[in-house]
Amino acid sequence: RSDYSGEAKIDKFDTSAGTYEPATRETPAKNVPKPIKPENMNENSVAGLYSSIVFLGAALQYALQTGDVSLIKESAMSDEDKERTLSGALFADLQGGKSWLADPKIVMNFEDAQPKEENGTYTWPVNVSVSQGEVVDFPEEQQKQTQKINFTAKYDNNKWSVGGFYETGGSDSSASHDTQDS
């Protein structure tokens, strides 16, 4: 495949937990389909990098739906970005069961057909839209945001490491990731 531009979606999910029940204001979602890692995710290829980024988006959405961050930990997200993401207030609340999101969605649109490569570092601009849906105890301005993320990636130790989450290329919303402890 030579053109990876456009909306990216993961296509394989584990649905063995049972029938999916969306969250309501009273109860969190149940039996959320769990994204399955693409087989080519660790390949040293553009297809492998693409799959790594797409799985990362699916892992984030799954964590927003369930509070289970295990897929983020297994994803290609760089260690630095994992630490920053998982230490943020949002995931702390979700993991603790204090809050949940109703129907959160992460949509990734790759701007370019291929990433740019320079000295073994790949850069790929992706417009990422995050809608947190109906939420419990979250201000309205934090419920939806779209931003351009210039993902950066290196292939090392037979896997991709993808960073760039916190170096954004612009946003159409005033909302931002709340990652500082207060």
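The structure holds 8 aromatic pairs. In one of them, the ring centres of Tyr-50 and Phe-110 are 4.8 Å apart and the planes meet at 45°, so this pair is tilted. It links distant parts of the chain, with Tyr-50 in helix α1 (residues 46-66) and Phe-110 in strand β5 (residues 105-110), 60 residues apart. The model is predicted. Its chain has 182 residues, of which 40% are buried. The secondary structure comes to 4 helices and 11 strands.

- Tyr-50 is buried, with a relative accessible area of 9%.
- Phe-110 is buried too, because its relative accessible area is 3% and the limit for buried is under 20%.
- Tyr-122 and Trp-160 form an edge-to-face pair, with 5.3 Å between centres and 85° between planes.
- Tyr-122 sits in strand β7 (residues 121-131) and Trp-160 in strand β10 (residues 159-163), so this pair ties together parts 38 residues apart in sequence.

**Charges over rings**

- Arg-1 lies over the face of Tyr-50, 4.9 Å from the ring centre.
- Arg-84 lies over the face of Tyr-166, 4.0 Å from the ring centre.

**Nonpolar core**

- The largest nonpolar core has 44 residues, and Phe-151 and Val-162 touch the most other members.
- Helices α1, α2 (70-74) and α4 (89-95) are among the elements that each supply at least two residues of this core.
- Strands β4 (101-102), β5, β7, β9 (144-156) and β10 also each supply at least two.
- Helix α1 gives the most to this core, with 12 residues.
- In soluble globular proteins, nonpolar side chains tend to be buried together.
- Beyond four places in sequence, Val-162 touches residues including Leu-49, Ile-53 and Leu-56.
- Other contacts of Val-162 include Ala-76, Met-77, Ser-78 and Asp-81.
- Phe-151, Thr-152 and Ala-153 are also among the residues that Val-162 touches.

- Side chains alternate along β5.
- Ile-106, Met-108 and Phe-110 point to one face and are buried.
- Strand β1 (residues 6-8) runs antiparallel to β5, and 3 bridges join them.
- Ala-8 stands opposite Met-108 in β5.
- Strand β7 also runs antiparallel to β5, and 6 bridges join these two.
- Asn-127 in β7 is the bridge partner of Asn-109.

**Helix α3**

- Asp-81, Lys-82 and Thr-85 are buried in helix α3 (residues 79-86).
- Seen down the helix axis, the buried residues of α3 fall within an arc of 105°, so they line one face.
- The face turned away from that buried side carries the exposed residues Asp-79, Glu-80 and Glu-83.
- Elements covering the buried residues of α3 include α1, α2, α4 and β10.

**Ser-52 in helix α1**

- Ser-52 lies in helix α1.
- Ser-52 is buried, since its relative accessible area is 1% and buried means under 20%.
- Leaving out residues up to four places away in sequence, Ser-52 touches Met-41, Ala-76 and Trp-160.

- Pro-28 is in the loop between β2 (13-14) and β3 (34-35).
- Pro-28 counts as partly exposed, at 38% relative accessibility.
- The C-alpha atoms of Pro-28 and Trp-100 are separated by 5.8 Å, although the residues are 72 apart along the chain.
- Apart from neighbours within four places in sequence, Pro-28 is in contact with Ala-23 and Trp-100.
- Across the chain, 58% of contacts between residues at least 6 apart in sequence join residues at least 24 apart.

Terms used: Residues are numbered from 1 along each chain as its sequence is written. This is a predicted model: local features need pLDDT of at least 70, side-chain atom pairs count only at pLDDT 80 or more; totals for chains, interfaces and linings use all residues. Side-chain values use heavy atoms; hydrogens and water are left out. Rings of Phe, Tyr and Trp (its six-membered ring) pair if their centres lie within 6.5 Å; planes under 30 degrees apart count as stacked, over 60 as edge-to-face and the rest as tilted. Buried means under 20% relative accessible area, exposed over 50%, partly exposed in between (1.4 Å probe, protein chains only). A charge sits over a ring if NZ of Lys or CZ of Arg is within 6 Å of the ring centre and within 35 degrees of the ring normal. A nonpolar core is a set of buried Ala, Val, Leu, Ile, Met, Phe, Trp, Tyr and Cys residues joined through side-chain atoms within 4.5 Å. Contact means heavy atoms within 4.5 Å. Two strands pair if DSSP finds at least two bridges between them. The arc is that of the directions from the helix axis to the C-beta atoms.
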